[in-house]
Amino acid sequence: MATAQLTASSISSRNLPSFEGFRPSALQFHSIRNIRFGNLTQRSFPSLVVKAVTVVAPKHTSVKPLGDRVLVKIKDAEEKTEGGIILPTTAQSKPQGGEVVAVGEGKSVGKSKVDICVKTGAQVVYSKYAGTEVEFNGSKHLILKDDDIIGILETDEVKDLKPLNDRVLIKVAEAEKTTAGGLLLTEATKEKPSIGTVIAVGPGPLDEEGNRKPLSITPGNTVLYSKYAGNDFKGKDGSDYIALRASDVMAVLS
């Protein structure tokens with residue numbers, strides 16, 4: 001029967017090899033048999049700690065989205081205004097755009113296979129609170145469904161946005177600055193308008209067979225839309241824009 005005997009002189013922290021790059025963790029023995037410690041007791045080793053090492057898992061260097069999901073590299077938030085004023089972290093707006101770096105294989109609608117509506121390398125704008133944020137290779141990314149992508153924007157002008165699916169881009173009408181009696185309104189009392197002019201429309205939603213169904217709204221229409229729907233944007237010309245689903249447009253005004 002094999003036995004093992006330990007003495008105080010045979011165990012020393014100076015004799016233990018060091019393992020750089022490893023993370024120590026407690027070593028647990030579930031079954032130890034036929035090991036004899038002689039007359040040594042636990043009190044003989046007041047400072048003895050037995051540890052094992054485990055390999056630290058490497059960080060992920062790539063992410064492959066599945067189905068109708070898209071991986072977008074998020075743009076950095078603006079740290080300065082156009083006039084060069086540095087913005088504090090609390091005043092920096094959350095970015096809503098980025099570059100598509102990977103796409104899934106698409107989705108099935110009825111008997112048809114529908115590809116992702118954007119390609120790798122496209123500059124896109126997405127819904128503000130959509131997706132799941134992940135970080136790898138030192139950059140922040142977002143995994144979201146392609147239906148959460150509002151449109152493609154290759155320039156810095158919001159009016160150049162190309163809506164996707166059933167999205168509509170509207171230039172918001174200016175709020176009234178005076179009342180019917182001629183009193184000036186402050187910014188706090190100006191009612192948010194829900195009327196605007198359609199600038200661009202998407203190709204339409206998918207029907208049950210996977211075909212695009214064109215929208216009944218066309219560029220140039222003046223429309224009334226739901227007051228709190230969509231995503232708001234500020235154009236470089238100071239105008240307000242909103243991108244929303246066609247179902248949020250309630251009427252076409254003549």
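**View 1. The side chain of Asp237 meets the backbone of Ser239.** In this predicted model, a polar atom of the Asp237 side chain lies 3.0 Å from the backbone nitrogen of Ser239. That is a polar contact, a pair of N or O atoms within 3.5 Å; within protein, one must be able to donate a hydrogen and the other to accept it, and residues adjacent in sequence count only if both atoms are side-chain atoms. Look for Asp237 in the loop between strand 15 (231-234) and strand 16 (240-245). Strands (E, at least two residues) are DSSP runs, numbered from the N terminus. Asp237 is partly exposed because its relative accessibility is 48%, where buried means under 20% relative accessible area, exposed over 50% and partly exposed in between (1.4 Å probe, protein chains only). The C-alpha atom of Asp237 is 9.7 Å from that of Val158, although the two residues are 79 apart along the chain.

A note for reading these views: residues are numbered from 1 along each chain as its sequence is written. The model is predicted, so local features need pLDDT of at least 70 and side-chain atom pairs count only at pLDDT 80 or more, while totals for chains, interfaces and linings use all residues; side-chain values use heavy atoms, leaving out hydrogens and water.

**View 2. Asp68 and Lys145 form a salt bridge.** Here the closest N and O atoms are 3.6 Å apart. A salt bridge is a side-chain nitrogen of Lys or Arg within 4 Å of a carboxyl oxygen of Asp or Glu, and the count comes to 4. Asp68 sits in the loop between strand 2 (51-55) and strand 3 (69-74), and Lys145 in strand 9 (residues 139-145), 77 residues apart. Asp68 is buried at 13% relative accessibility, whereas Lys145 is partly exposed at 36%.

View 3. Arg245 pairs with Asp147 at 2.9 Å, N to O. Asp147 lies in the loop between strand 9 and strand 10 (149-152) and Arg245 in strand 16, so this bridge ties together parts 98 residues apart in sequence. The closest N and O atoms of Asp166 and Arg245 are 2.9 Å apart. Asp166 belongs to the loop between strand 11 (162-163) and strand 12, 79 residues from Arg245. Asp166 is buried, at 14% relative accessible area, while Arg245 is partly exposed at 25%.

View 4. You will find Ser194 between strand 12 (167-172) and strand 13 (195-201). Leaving out residues up to four places away in sequence, Ser194 touches Val223, Leu224, Tyr225 and Lys227, a contact being heavy atoms within 4.5 Å.

Notes: Helix = DSSP H or I, 4+ residues; strand = E, 2+ residues; numbered from the N terminus.
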